[in-house]
Amino acid sequence: MELVFASSNEHKVNEIRAIAGSAINLKSLNDIACFDDIPETGSTFEENAGQKSRYIFERYHCDCFADDSGLEIDALNGEPGVYSARYSGSRDFEQNMQLVLDRLEGKNNRTARFRTVISLILNGKEYLFEGSIEGKITLQRSGSKGFGYDPIFQPDGYELSFAEMDPAEKNRISHRAIAVAKLINFLNQ
Ligand code: IMP
């Protein structure tokens with residue numbers, strides 16, 4: 001089957017291609033020559049993922065899916081959440097991590113989770129898939145792998161931050177991996 005992933009991030013597209021295998025012909029936005037800046041104005045991951053998948057479905061009338069992810073910190077009432085990419089006002093990972101560490105200073109509760117929501121549109125009907133991984137925000141950065149908030153996120157059951165882990169290990173347990181596995185499982189049924 002052919003499926004469009006509403007993302008121009010070739011790294012993400014290839015990651016999902018590898019998991020999905022040959023049964024799914026996965027196309028990126030570049031593959032369908034869509035270079036639009038797709039609006040993402042929702043206040044939840046579900047809304048944003050749905051906004052992106054519907055944008056593609058309404059214009060290209062194809063089966064497609066979109067994802068939205070971020071970090072939710074309990075002591076900050078779920079922030080940065082949908083604002084994860086630009087929490088400090090900039091896309092700079094260092095500034096965004098620093099703001100999180102500053103806002104958590106003096107707080108004992110450092111529990112957090114990464115969450116991904118995927119919105120799939122298949123034959124015009126929407127299906128949602130979710131993946132999350134629980135953990136805590138460390139007191140300082142450690143590790144240099146990965147991206148985003150990886151240096152300050154330690155998943156439950158591990159002594160390492162996401163940025164200290166082997167990428168293959170992170171990709172096995174991550175919020176995105178869990179959501180993608182649910183999507184693939186659904187498509188294979
Ligand atoms: P996206 O929706 O997957 O593009 O993620 C939005 C933002 O959430 C990213 O820019 C990161 O700041 C953060 N984020 C999402 N997934 C991860 C992850 O696996 N590690 C670290 N940060 C992440």
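Contact means that heavy atoms lie within 4.5 Å. By this criterion, and leaving aside neighbours within four places in sequence, Phe129 is in contact with Thr116, Val117, Ile118, Leu120, Ala179, Lys182, Leu183 and Phe186. The model is predicted, so local features need pLDDT of at least 70 and side-chain atom pairs count only at pLDDT 80 or more, while totals for chains, interfaces and linings use all residues. Residues are numbered from 1 along each chain as its sequence is written, and side-chain values use heavy atoms, with hydrogens and water left out.

The overall fold is described next. Five helices and six strands make up the secondary structure of the protein. Helices (H or I, at least four residues) and strands (E, at least two) are DSSP runs, numbered from the N terminus. Along the sequence, the elements follow the pattern β-α-β-α-β-α-β-β-β-α-α. The radius of gyration is 17 Å, close to the 16 Å that the globule rule gives for 189 residues, so the protein is as compact as a globular protein of that length. This radius is taken over C-alpha atoms, and the globule rule is 2.2 Å times the number of residues to the power 0.38. Along the principal axes, the C-alpha atoms fill a box of roughly 50 × 30 × 25 Å. Of the 189 residues, 46% count as buried. Buried means under 20% relative accessible area, exposed means over 50%, and partly exposed lies in between (1.4 Å probe, protein chains only). Among contacts between residues at least 6 apart in sequence, 53% join residues at least 24 apart.

One helix pair was examined. Two packed helices are described by the angle between their axes and the distance between the axes. The axes of helix α1 (residues 10-20) and helix α5 (residues 175-188) come within 10 Å and cross at roughly 50 degrees. That angle makes α1 oblique to α5. Angles under 35 degrees count as roughly parallel, over 145 as roughly antiparallel, 65 to 115 as roughly perpendicular and the rest as oblique. Axes are lines fitted to C-alpha atoms, for helices over the stretch in contact, and angles run from 0 to 180 degrees between N-to-C directions. The crossing of α1 and α5 is right-handed. A crossing is right-handed if the near helix is turned clockwise from the far one by less than a right angle, and left-handed if anticlockwise. On the α1 side, the contact is made by Lys12, Glu15, Ile16, Ile19 and Ala20, which meet Arg176, Val180 and Ile184 in α5. By class, this contact has five nonpolar, no polar and three charged residues. Ala, Val, Leu, Ile, Met, Phe, Trp, Tyr, Cys and Pro count as nonpolar, Asp, Glu, Lys and Arg as charged, and the others, Gly among them, as polar.

Phe129 sits in strand β5. At 10% relative accessibility, Phe129 counts as buried. Its C-alpha atom is separated by 6.7 Å from that of Ser119, 10 residues apart along the chain. Asp150 lies in the loop between β5 (125-137) and β6 (153-155). Asp150 is also buried, at 2% relative accessibility. Not counting residues up to four places away in sequence, Asp150 touches Phe114, Lys145, Ser161, Phe162, Ala163 and Lys170.

Gln51 belongs to helix α2 (residues 45-60). Gln51 is partly exposed, with a relative accessible area of 23%. Beyond its neighbours within four places in sequence, Gln51 is in contact with Pro39, Glu40, Thr41 and Gly42.

The loop between β3 (64-73) and α3 (93-103) holds Pro80. A cis peptide bond joins Glu79 and Pro80, with omega about 0 degrees. Asn77 is found in the loop between β3 and α3. Asn77 has a positive phi of about 55 degrees although it is not a glycine. Most residues other than glycine have a negative phi, and most peptide bonds are trans. Asn77 is exposed, with a relative accessible area of 76%. Gly81, in the loop between β3 and α3, counts as buried at 7% relative accessibility. Leaving aside neighbours within four places in sequence, Gly81 is in contact with Phe45, Gly70 and Leu71.

Asn123 is found in the loop between β4 (111-122) and β5. Its phi is near 50 degrees, a positive value in a residue other than glycine. Asn123 is exposed, with a relative accessible area of 70%.
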